Amino acid sequence: MEFDAVVLAGGGSVRFGGVDKAMVVLEGVSLLDRVLMATADAVSTVVVGAVRTTYREVAWTVEEPPAGGPVAGLAAGLEYGVAPVVVVVSCDLPWITRTDITTLVKRLDEPDEPHERGEVRQLDGFGLRDKGGREQWLAAAYRRGSLVEAVRRVGDPRDKSVRRTLAGLELAWTAPTQAGNDVDTWSDLDT
């Protein structure tokens, strides 16, 4: 199934002391390039954030006004591409791989588990859990229509919660995995 990628890379990196987290290097590769490698099979890729040097060509955008948070970044990123599936990833997921992305997209097309009355619903999204079992809303494949509608419903997307914005979607999650671990502090890189 074809997919577009929206990579969120516009945060302030406050817990990194203002260092541009997207450009932090792990094992010789920036965190942003690691995510771009994982999403290399996308039909189109847009990075939401300041333009930086990357290993492959991508489109760039920023939310208006800048620094509006991840939902505002997501709204800006959804202006790009037309594939029926959108993979949303933050730039601070250094252990995510192409295989993980392929799995998310494929699993999105599988029916959800039967619910209490036995009906099977189509999933709106399928995402990663980190090693601690926490759902990573910014490491998931979503149906474009469902995602666009969820963002539209919040109105002004600035400073909105990702979890609240997407709470009405039918989502499923992987088992806990290292691929879902994000990097919020310098110590997270020591994993």
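**Exercise 1. Find which elements the buried residues of helix H2 pack against.**

Solution. The buried residues of H2 pack against strands S1 (3-8), S4 (45-48), S5 (59-61) and S6 (85-90), plus helices H4 (144-153) and H5 (162-166). Contact here means heavy atoms within 4.5 Å. Helices (H or I, at least four residues) and strands (E, at least two) are DSSP runs, numbered from the N terminus.

Before you go on: this is a predicted model, where local features need pLDDT of at least 70 and side-chain atom pairs count only at pLDDT 80 or more, while totals for chains, interfaces and linings use all residues. Residues are numbered from 1 along each chain as its sequence is written, and side-chain values use heavy atoms, with hydrogens and water left out.

**Exercise 2. Work out why H2 is largely enclosed by the rest of the structure.**

Solution. Start with the term: buried means under 20% relative accessible area, exposed over 50%, partly exposed in between (1.4 Å probe, protein chains only). Next, list the buried residues of H2: Val71, Ala72, Gly73, Leu74, Ala75, Ala76 and Gly77. That's 7 of the 8 residues in 70-77, so the helix is largely enclosed.

**Exercise 3. Decide whether Arg34 is buried or exposed, then find what it touches.**

Solution. First, locate Arg34: look in helix H1 (residues 31-38). Its relative accessibility is 15%, so Arg34 counts as buried. Now follow its side chain, which reaches the backbone oxygen of Pro94 at 2.9 Å. Leaving out residues up to four places away in sequence, Arg34 touches Leu26, Glu27, Val29, Pro94 and Ile96.

How values were computed: A polar contact is a pair of N or O atoms within 3.5 Å; within protein, one must be able to donate a hydrogen and the other to accept it, and residues adjacent in sequence count only if both atoms are side-chain atoms.
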